[in-house]
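This report describes one protein model for a reader who has not seen it before. It begins with the whole chain and then turns to single residues.

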Amino acid sequence: MSEAISLSNRIVVLTKRPATIKKIYDIKLTGASTPINNRKCKEFSEYYDKIWRDLDVNI
């Protein structure tokens, strides 16, 4: 997921089968440059937390 956020302009979260679109995130990172530096942007952790909650992963 970190790679998706640091490389993408948009992330689409799908539901379980049958898959439908649950949420679309337009990724806007302040000062975005390289994927490594993108992980240091202040918005990165916010996107990570929101997307993780939308995945409905029970561990």
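This is a predicted model: local features need pLDDT of at least 70, side-chain atom pairs count only at pLDDT 80 or more; totals for chains, interfaces and linings use all residues.

## Charges and overall make-up

The protein has 3 helices and 2 strands. Read from the N terminus, the order of the elements is α-β-β-α-α. The C-alpha trace spans about 35 × 25 × 15 Å along its principal axes.

## Surface and contacts

The accessible surface of the protein amounts to about 4600 Å², and carbon and sulfur atoms hold 52% of that area. The chain has 59 residues, of which 24% count as buried.

Among the contacts in the protein with a separation of 6 or more, 39% are between residues 24 or more positions apart.

## The salt bridge

The count of salt bridges in the model is 1. The partners are arginine 10 and aspartate 26, whose closest N and O atoms are 3.0 Å apart.

Are the two partners buried or exposed? Arginine 10 has a relative accessible area of 55%, and because the cut-off for exposed is over 50%, arginine 10 counts as exposed. Aspartate 26 has a relative accessible area of 39% and is therefore classed as partly exposed.

## The nonpolar patch

Which residues make the nonpolar surface patch? Val12, Leu14, Ile21 and Ile24 form this patch, with an area of about 370 Å². The elements that contribute two or more residues to the patch are β1, residues 10-14, and β2, residues 21-26.

Valine 12 sits in strand β1. Its relative accessible area is 42%, so valine 12 is partly exposed. Leaving out residues up to four places away in sequence, valine 12 touches Ile21, Lys23 and Ile24. The C-alpha atoms of valine 12 and lysine 23 are 6.0 Å apart in space, while the two residues are 11 residues apart in sequence. Isoleucine 24, another member of the patch, is in strand β2. The relative accessible area of isoleucine 24 is 44%, which means that isoleucine 24 too is partly exposed.

## The loop between the strands

Proline 18 lies in the loop between β1 and β2. The peptide bond that joins arginine 17 and proline 18 is cis, with an omega of about -10 degrees.

## Two buried residues

Tyrosine 25 is part of strand β2. Why does tyrosine 25 count as buried? The cut-off for buried is under 20% relative accessible area, and tyrosine 25 is buried because its value is 7%. Not counting residues up to four places away in sequence, tyrosine 25 touches Asn9, Arg10, Ile11, Val13, Tyr47, Lys50, Ile51 and Asp54. Arg10 in this list is also the arginine of the salt bridge. Serine 2 is 23 residues from tyrosine 25 in sequence, and their C-alpha atoms are 14 Å apart.

Asparagine 38 is in helix α2, which covers residues 35-38. With a relative accessible area of 6%, asparagine 38 is buried. What does asparagine 38 touch, not counting residues up to four places away in sequence? Its contacts are with Ser6, Leu29, Ala32, Ser33 and Phe44.

## An exposed leucine

Leucine 7 is in helix α1, which runs over residues 2-7. The relative accessible area of leucine 7 is 51%, so leucine 7 is exposed. Leucine 7 and isoleucine 36 are 29 residues apart in sequence, and the distance between their C-alpha atoms is 9.3 Å.

Technical notes. Residues are numbered from 1 along each chain as its sequence is written. Side-chain values use heavy atoms; hydrogens and water are left out. Patches are made of residues with over 30% relative accessible area and no salt bridge: like charges are joined within 9 Å, nonpolar side chains (Val, Leu, Ile, Met, Phe, Trp, Tyr) within 5 Å. Accessible areas come from the Shrake-Rupley method with a 1.4 Å probe; for residues, only the protein chains shown count as cover. A salt bridge is a side-chain nitrogen of Lys or Arg within 4 Å of a carboxyl oxygen of Asp or Glu. Helices (H or I, at least four residues) and strands (E, at least two) are DSSP runs, numbered from the N terminus. Buried means under 20% relative accessible area, exposed over 50%, partly exposed in between (1.4 Å probe, protein chains only). Contact means heavy atoms within 4.5 Å.
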